[in-house]
Amino acid sequence: EEEEEEEEERKEEKPEPDAKVEELEKKQQEEEKEKEEPEEEEERKKAEAEAAAEEERKRAEQEKQKQEELMQLAMKKKRKQSAMKRAMKKVRQKIAEWKAARKLIDNVFADLENMFYLLAELLVKIELESAANEDERANTNTTATTSKCRLWCMNTVKIIATPFVYLLVFIVAVFVILPSCIFLLIVRMNKVEVTSKNVAKREKVIFSETCWQRTLRVLHQLLRSSFMFLFLVVYPIIIMYVIIPRYAENDAVIIGSISSYLVLIICLQLFGSWRGVVSFEERKKLKPNAERYSPQKFEWNMGAMIAIVFLFYEVMQLSLFAYQTTTDGDSEELEATDETRFSANAAFASLNIDIDAQQVINFANRIISICYISLDFIEDNILEYYIAFSLCFVSLLLLFFVYRFVHELRVYGRMKWKENKQAEAREVYFHSFIGTIIYGHGKLKHVNKWNAKIIALLADSLFLGICQKIVLILCCDEQQYLRIDETQKCWTSPQHQLYSCIALILLGYYIPLCAMIAPMFQEDIEIDEEPEPEPEPE
């Protein structure tokens, strides 16, 4: 125990060396820490510097990327602006070329003339050749038998092709040329040509063009005519078979859809009337001041008498127009009582003259039935008779248009390519029926006098009567029954749908065509007369 206590005492007596060692270790650790702290500080500072440099580099890259993006946007904007500038420059160039070309020729007129020339040349090529013409064109080495066989084969092919060619001309006249002429009332309302000088310029340009250029003219003309054809034919079909069946119970939609078509047709008629005024003013400039309003000598002949009858007929139509539009013509006859009789004025009172109102009404109704070609005597199938009447008269006018068009094609083609009379052919075309409609000069020449009177009757004197019959097909009462035939339900029955669609199309062709035709018959027409035989010298 004593030894153990001594050892413990010794241990307790030796703490100082351990404390010194610990202190030394602490000092060493502190020194090591002091040595390590600058290194860590340097490493930290170095890491911070590297991080700052990395951020700066990233920021620089971002700035550079932004600048590149801005530069790309600026380049894109610049390219877009340059592309727009180039496009605008091209548009201005095209407009300038169009204006320059228009100063040279009017392409609207030129496209119509190009189609006229092509059809005239086509009709000339299908005319039968005679043996004399074939001998002139045959080579000297060709034998007579070969020439006859060739002539026979060519004429056979032409005979076979003739019906198809004339059918093509008929279709082109009705569905391309006539809508194109109506389209002229819109785009050339203020322009007429009273001389053939511009026609000669355009003819020279057209015949110097390539086949592709002339084909483009045909396509342009088809595009213009298709626009007018869609309005004249397709729009009424849409009205009758799409719009009205969908809104059959809505009177406002029915009235609005039909009225929109009729209002546009009336606008075309107004444009035609205005073009007639412009034509009159342009022709007046060609005359000296002393001759512009000089009186003309009236000659009594059969044509003058017919013209006076037509004029009187139109006056009666206009005089009774208000009366016939306010009465339906189906009212029962009034009884001749004191209430239906009225006395004459004081001048006839002494003569004791009384006038029966019923007699006056009956007389007025008879005059109306004559002036407006009344169909009130028909009792059965009234709608069919009205549509047949309208089709008959409008078709006659359209057939006359087609006949004159084909006749003038043949005359022009024969004079230009067979007789080699180019100047005369141009004048014939310019003063022809179709030329007078296209150019609006109003100087129609080389027309048979009976043709002129018949067309003046159809397009002028009977205008109100024909339009009345067509419009009555579209008139319904409050219960949506047809006014002229109360057994027909309006708009919903297939029969009335079909006839109403035909009636609108007939109006679309008839009114503008009359607006173009009627003024030319009010001018001085050069009639084709048969030359009188000269007396033989004695």
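Analyst: Gladly. This is a predicted model. Start with C490, which has a relative accessible area of 2%.

User: Why is C490 called buried?

Analyst: Buried means under 20% relative accessible area. C490 has 2%, so C490 is buried.

User: What makes C211 count as exposed?

Analyst: The cut-off for exposed is over 50%. C211 has 68% relative accessibility, so C211 counts as exposed.

User: And C501, buried or exposed?

Analyst: Its relative accessibility is 6%. That is under 20%, so C501 counts as buried.

User: Why is the link of C476 and C490 called a disulfide?

Analyst: Two cysteine sulfur atoms must lie within 2.5 Å. Here the S to S distance is 1.9 Å, so the pair qualifies. A search of the whole structure finds one disulfide. The link is left-handed, with -105° about the S-S bond.

User: Where do C476 and C490 sit in the chain?

Analyst: Both are in the loop between helix 18 (463-472) and helix 19 (494-517), 14 residues apart.

User: How many cavities of 30 Å³ or more does the search find?

Analyst: It finds one. The volume of the largest cavity is about 40 Å³.

User: What makes the residues of its lining nonpolar?

Analyst: The lining consists of L112, F116, I177, F405, Y429, I434 and I438. Leu, Phe, Ile and Tyr count as nonpolar, so the division is seven nonpolar, no polar and no charged. Helix 3 (107-125) and helix 16 (433-439) each supply at least two of the lining residues.

Notes. Residues are numbered from 1 along each chain as its sequence is written. This is a predicted model: local features need pLDDT of at least 70, side-chain atom pairs count only at pLDDT 80 or more; totals for chains, interfaces and linings use all residues. Side-chain values use heavy atoms; hydrogens and water are left out. On a 1 Å grid over the protein atoms alone, a cavity is a set of points where a 1.4 Å probe fits but cannot get out, and a pocket is an open set with protein on both sides within 12 Å along at least five of seven lines; lining residues have an atom within 4 Å of a point. Grid points are joined across faces, edges and corners, and a volume is the space filled by probe spheres set on the points. Helices (H or I, at least four residues) and strands (E, at least two) are DSSP runs, numbered from the N terminus. Buried means under 20% relative accessible area, exposed over 50%, partly exposed in between (1.4 Å probe, protein chains only).
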